[in-house]
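Here are my notes after going through the model. They run as numbered points, and the cut-offs come along as they are needed.

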Amino acid sequence: MMLVVLAAGMSSRFGKSKQTEPVDEYGNFIIDYSLFDASTAGFDRAIVIIRKENESLFRETLGKRLENRMDVTYVFQEMDTIPDSRIPSDRTKPLGTAHAILCCKDVVDQPFAIINADDFYGPQSFRLASEFIKTECSDRTYGCVCYKAGKTISENGSVKRGVCTVVGGNVVEITESAITQDADGKLLATPLSGGDTTAIDSDTPVSMNMFILPESSMTYFEKGFQEFLSTWGNPMTSEYLLPEVVSNIVNDGNAELKCIETDEKWFGMTYIEDLDSVKTAISGRIRNGDYPDNMYSQNNGAIPISICICAYNEENNIERTIRSAFSQNGDAFTIGKVIAVSSGSTDNTDSIILKLTEEYEKLVFLPQKKREGKNSAINLALDNTDTEVVVLLNADNIFENNNSLDELIKPFRDKNIGMTGGHPVPTNDIKSFTGFTVHLLWSMHHHVSMIHPKIGELVAFRDIGTRLPTDMQSDEDIIRMKLEEAGYNTVYAPKAKILNRGPENVKDFIKQRTRVNIGENIIKKEFEYDLPTHNYRILINAMFSAIKDLGFHPIKLAFGVSLEMYTRLKAKIHVAKNKQDDNVWEQVTSTKKV
């Protein structure tokens with residue numbers, strides 16, 4: 001995902017370049033914190049709009065700090081970036097924020113979010129922007145992250161904000177205003193275009209230039225710029241402004257602007273007197289654990305991890321899975337090894353892994369001549385790790401985004417956490433009966449885990465020496481049981497999303513779910529260990545939540561519930577007859593296409 005950063009302003013009220021003013025003891029700028037939050041939320045490309053004279057400064061500071069987190073491109077906002085004879089050759093004042101956006105039209109090739117370099121937006125705002133890009137942004141649907149006016153004021157004078165009029169969840173008007181707070185704490189807004197000063201509520205939504213726009217919006221910026229040059233008042237000072245362009249697009253009926261409400265508190269450097277309060281706020285955020293101390297240092301308190309991938313005949317998936325593992329980034333972890341165990345594979349799995357070891361020096365290939373079951377493969381991988389925290393990633397799964405692993409590992413900063421589990425997201429077609437059943441199952445799994453963690457498909461855990469019995473195939477539950485016996489806690493990490501393919505037909509669904517339920521029943525019987533997926537009170541609550549997620553489809557719902565209940569009954573009879581688990585399961589072929 002792409003983030004466009006406005007960093008070419010003149011900082012007239014601040015008195016010097018506030019975009020590059022250090023705000024912590026390590027020399028980081030406000031924009032460093034914004035880009036840290038952005039990359040954590042899934043943004044992997046930053047277009048930083050600067051003045052040509054500041055290029056080396058940005059490359060040597062911000063650029064070097066970001067090189068392992070984001071792909072950074074610099075665009076220059078100069079008078080001749082978009083040549084036009086109507087622009088005075090001796091003008092020094094930048095042509096405005098909308099002109100800055102237009103300067104990067106040749107590098108924008110996807111939906112993008114916009115921020116100012118000198119404003120602190122907070123992690124929640126970037127998460128909201130990221131989600132909007134993924135789910136709503138389109139040629140006719142734009143977004144505006146709206147702050148509460150009372151959370152965006154300065155103690156040292158007025159601030160410029162776009163006061164938003166919101167109707168039915170859409171921003172229908174943005175009035176650029178100067179907002180001040182009087183002695184009684186009342187907020188007063190004065191339109192910059194002229195007009196009466198009015199009192200506004202502290203919860204009034206205001207724009208901080210954090211817009212989310214599609215690539216196609218550049219057409220309107222280009223057209224609007226020509227109109228601006230034809231009608232501007234003073235060629236030396238008039239500015240082509242971002243909020244005005246977005247407002248014009250909305251007013252002309254070309255798009256709607258969704259109001260995306262955030263509870264974050266802004267801080268920034270409008271005035272030189274704001275600097276101390278910004279430093280204090282940053283320091284407080286670090287103390288609260290919102291940011292690591294010295295967030296761009298090489299180690300940064302990151303947790304060393306090993307990733308174990310166990311495979312059998314996974315030629316269709318193994319390369320994507322391994323590449324998905326190496327694509328992960330974040331501040332919570334560093335990868336020591338990615339260990340791929342291939343257990344008696346008879347297809348091209350081994351050759352694919354071997355070829356990838358030439359590309360990834362941290363990739364370790366461990367072949368097993370004979371297929372002995374997943375637990376045996378996990379034990380082999382664990383015997384070859386040298387980190388305390390280990391991740392189990394199935395060979396037919398891939399991470400949904402590049403910060404899922406970071407979300408999975410973050411909880412281990414708490415020494416009491418022994419195991420975490422991710423959020424499986426099925427890729428099956430929800431329109432089919434079996435596909436709906438798979439979505440129902442994993443939606444319920446998610447809601448069960450929100451109440452009482454039940455983890456699988458993607459897990460991370462502290463290796464305390466536990467090795468798995470090789471005569472059965474329940475791995476995650478046994479590891480969790482042993483960790484909890486040792487006094488550790490288990491947590492669910494819902495933002496750590498993994499893409500998973502469920503069975504595509506009834507036969508494969510019964511095969512897969514029966515063997516899973518057999519394993520869970522054996523654990524319950526032999527170890528007297530209760531699992532939340534066998535607590536029907538929790539299951540009923542989860543089902544109602546899943547119906548809200550998927551919609552009420554009574555026939556499909558009845559089909560899915562009946563199918564799962566059948567596999568549970570079949571598994572219960574199997575265990576009641578004192579039959580054991582199979583250490584090697586028959587592969588469910590329809591699941592092998594993520």
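1. Let's start with α10. Its buried residues pack against β14, β15 (333-343), β16 (363-368), β17 (389-394) and β20. Contact here is heavy atoms within 4.5 Å, and helices (H or I, at least four residues) and strands (E, at least two) are DSSP runs, numbered from the N terminus. Helix α10 covers residues 374-382 and is mostly covered, with seven of its nine residues buried. Those are Asn-375, Ser-376, Ala-377, Ile-378, Asn-379, Ala-381 and Leu-382. Buried means under 20% relative accessible area, exposed over 50%, and partly exposed in between (1.4 Å probe, protein chains only).

2. Some housekeeping. This is a predicted model, in which local features need pLDDT of at least 70 and side-chain atom pairs count only at pLDDT 80 or more, while totals for chains, interfaces and linings use all residues. Residues are numbered from 1 along each chain as its sequence is written, and side-chain values use heavy atoms, with hydrogens and water left out.

3. Next, α13, which is also worth a look for burial. The buried set is Glu-476, Asp-477, Ile-478, Ile-479, Arg-480, Met-481 and Leu-483. Just after α13 comes Gly-487, with a positive phi of about 95°.

4. How many cavities of 30 Å³ or more are there? The count comes to one. The rule is this: on a 1 Å grid over the protein atoms alone, a cavity is a set of points where a 1.4 Å probe fits but cannot get out, and lining residues have an atom within 4 Å of a point. Grid points are joined across faces, edges and corners, and a volume is the space filled by probe spheres set on the points. The largest cavity holds about 30 Å³ of space. Its lining is made up of Phe-461, Arg-462, Asp-463, Ile-464, Thr-466, Ile-479 and Leu-483. The elements that give two or more residues to this lining are β20 (458-462) and α13 (476-485). By class, the lining has four nonpolar, one polar and two charged residues; Ala, Val, Leu, Ile, Met, Phe, Trp, Tyr, Cys and Pro count as nonpolar, Asp, Glu, Lys and Arg as charged, and the others, Gly among them, as polar.

5. Helix α7 passes a simple geometry check. At 1.5 Å a residue, its 14 residues (274-287) should span 20 Å, and the end C-alpha atoms are 20 Å apart, which agrees. The expected span is 1.5 Å times one less than the number of residues. Asp-274, Leu-275, Val-278, Ile-282, Gly-284 and Arg-285 are the buried residues of α7. They pack against α1 (30-40), β5 (119-120), α4 (123-135) and β13 (267-268). Just after α7, Gly-289 has a positive phi of about 85°.

6. Have a look at Thr-262, in the loop between β12 (256-261) and β13. Thr-262 is buried, at a relative accessible area of 1%. Its side chain makes a polar contact of 3.1 Å with the side chain of Ser-125, and reaches the backbone nitrogen of Glu-264 at 3.2 Å. A polar contact is a pair of N or O atoms within 3.5 Å; within protein, one must be able to donate a hydrogen and the other to accept it, and residues adjacent in sequence count only if both atoms are side-chain atoms. Not counting residues up to four places away in sequence, Thr-262 touches Gln-124, Ser-125, Leu-128, Val-145, Cys-146, Tyr-147 and Lys-148.

7. Asn-209 has a positive phi of about 70° although it is not a glycine. Asn-209 belongs to strand β11 (residues 205-213) and is buried, with a relative accessible area of 11%. For Asn-313, phi is near 50°, again positive in a residue other than glycine. Asn-313 lies in the loop between β14 (303-311) and α8 (318-326), and is buried at 19%.

8. Last, Val-163 in strand β7 (residues 159-167). Val-163 counts as buried at 14% relative accessibility. The C-alpha atoms of Val-163 and Thr-204 are separated by 7.4 Å, though the two are 41 residues apart along the chain. Leaving aside neighbours within four places in sequence, the contacts of Val-163 include Glu-173, Ile-174, Ala-189 and Thr-204.

Definitions and conventions
On a 1 Å grid over the protein atoms alone, a cavity is a set of points where a 1.4 Å probe fits but cannot get out, and a pocket is an open set with protein on both sides within 12 Å along at least five of seven lines; lining residues have an atom within 4 Å of a point.
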